[in-house]
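Reader: Can we walk through this one? Start wherever you like.
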Amino acid sequence: MSSDVLKVIEENKEMYIRWLVDFCKIPSVAAQGRGMDEAVQYVEELFSKELKASTERLETGGYPVVFSEMPGASGGTVSFYNHYDVQPEDPVDLWETPAFEPDVRNGKLYARGVADNKGNLIARMAAVHALQQVNEQLPMNVKFIFEGEEEIGSVHLPDLVDKYAEKLSSDGCVWEFGYRDPDGTVQLSLGVKGMLYVELEATGATTDLHSANASIIENPVWRLVWALNTLKDEQERVLIPGFYDDIQEITESEVELLESYRLDEKATLETLGLDGFLLDLKGQELKHKHIFEPTCNICGIDGGYTGEGSKTVLPAKAKAKIDFRLVPGQDPKKILNALREHLDQHGFEDITIHEWSSEVAARSKPEETLVQAMTLVTEKVSGKAPNIVPNTPGTGPMHVLCQALGIPSASFGVGNATSNNHAPNENIGIDDYIDGIKMAAMLIEEFSVRLNEEKSIAL
């Protein structure tokens, strides 16, 4: 990247920080319908006033996708997927400063959504702004795809992709998230796990009863517990028939990535206040389970009385929310059907299943041009090689927007190892944010060069 662009970023960093601070003041909580119109308007105004670019609202059955396409000097196209919605700020009493009153302290910016995902969104817009100040044209075509429903499962994104597949196409997509290891090393992720999120419900009498009736009336909480107990054994093996059947075989290059992927076990355990990991796993086995294996997790159980003191009650119903993190090859719909059959076969036909959301796992190859460009720019900006992970343990709508359309994708960003996503005191480092702008700007340049070289060789 030219020194002129770096100079522009440094000269404008206070303005870029202000863009982010102002954006984080907007409580764009999709789950609660708060601040969503204001967030859309804010992004649109940044495009029109600062980037001199037009935008289009791609309407969905819910909140719109803000789309902008900016032409470049070459025929190649890079797209940036981000989301403008954030998680609720609860529990509010654990925030040191109000969640939607951004606060800078000790070199960090604290606010809800600053790491997930407004910091990355604004950093990528700032990168384009910086390039515009130096060049008459961007090095390549740039598309911005800003969703408003990522935190509630991207429920309308598949329909949107079906309708606008050509408009959303690109040679590579830079995904929304990105973090650093505890030692400051930039993580470069090549994919995400899939997801099936369901709620199981057991019902009993038409009303809560005195617990004296437990001698003759079935307790739905116990019934739900017994059903849950059939899903997984003590060695974490999911017991649903066929659950593991379709998992794709791990490639040699992915095995090599796992070997080089760095997971600081000691720092992670210290940060979490734990003595050890699940099943006392360590080293390569720990990394393999974390990255390449699916999960079955109970997110929460609700039923009966859990308030202060005692209340002798026999509950009328009980619910449990469960998420299955899936890996490439696993089909969420097939897993859902297998779950239903499994419960029925164990005598739990009465327990209902409500599907909240699902995502297909996605993973790009390390040989992709986009990944190679990302690897170079992260090392140049940060001063050391990135920590490349085949896929994060988390989930997002990457497959439907990228791999399903034949688009490779990968991600880096402005977060850190203690960014507290979805938790109180969410934060990013100010220096990491500025570095994120530099990495995005450099990537646009480097990706364009590599694509042009490939085209020249092909000719």
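Author: Leaving out neighbours within four places in sequence, Met-36 contacts Ser-28, Val-29, Ala-30, Tyr-63, Tyr-84, Asp-85 and Gly-148. Contact means heavy atoms within 4.5 Å. This is a predicted model, where local features need pLDDT of at least 70, side-chain atom pairs count only at pLDDT 80 or more, and totals for chains, interfaces and linings use all residues. Residues are numbered from 1 along each chain as its sequence is written, and side-chain values use heavy atoms, with hydrogens and water left out.

Reader: Is Met-36 buried or exposed?
Author: Met-36 is buried, at a relative accessible area of 3%. Buried means under 20% relative accessible area (1.4 Å probe, protein chains only).

Reader: Where does Asp-85 lie?
Author: In the loop between strand 3 (77–83) and strand 4 (103–105). Strands are DSSP runs of E, at least two residues, numbered from the N terminus.

Reader: Which backbone nitrogens does the Asp-85 side chain reach?
Author: That of Glu-150, at 3.2 Å. A polar atom of the side chain also lies 2.7 Å from the backbone nitrogen of Glu-151.

Reader: And what is the nearest side chain of opposite charge to Asp-85?
Author: Lys-118, 8.9 Å away. Asp-85 is buried but has no salt bridge. A salt bridge is a side-chain nitrogen of Lys or Arg within 4 Å of a carboxyl oxygen of Asp or Glu.

Key:
Buried means under 20% relative accessible area, exposed over 50%, partly exposed in between (1.4 Å probe, protein chains only). Helices (H or I, at least four residues) and strands (E, at least two) are DSSP runs, numbered from the N terminus. Lys and Arg count as positive and Asp and Glu as negative; His and the chain ends are not counted. A polar contact is a pair of N or O atoms within 3.5 Å; within protein, one must be able to donate a hydrogen and the other to accept it, and residues adjacent in sequence count only if both atoms are side-chain atoms.
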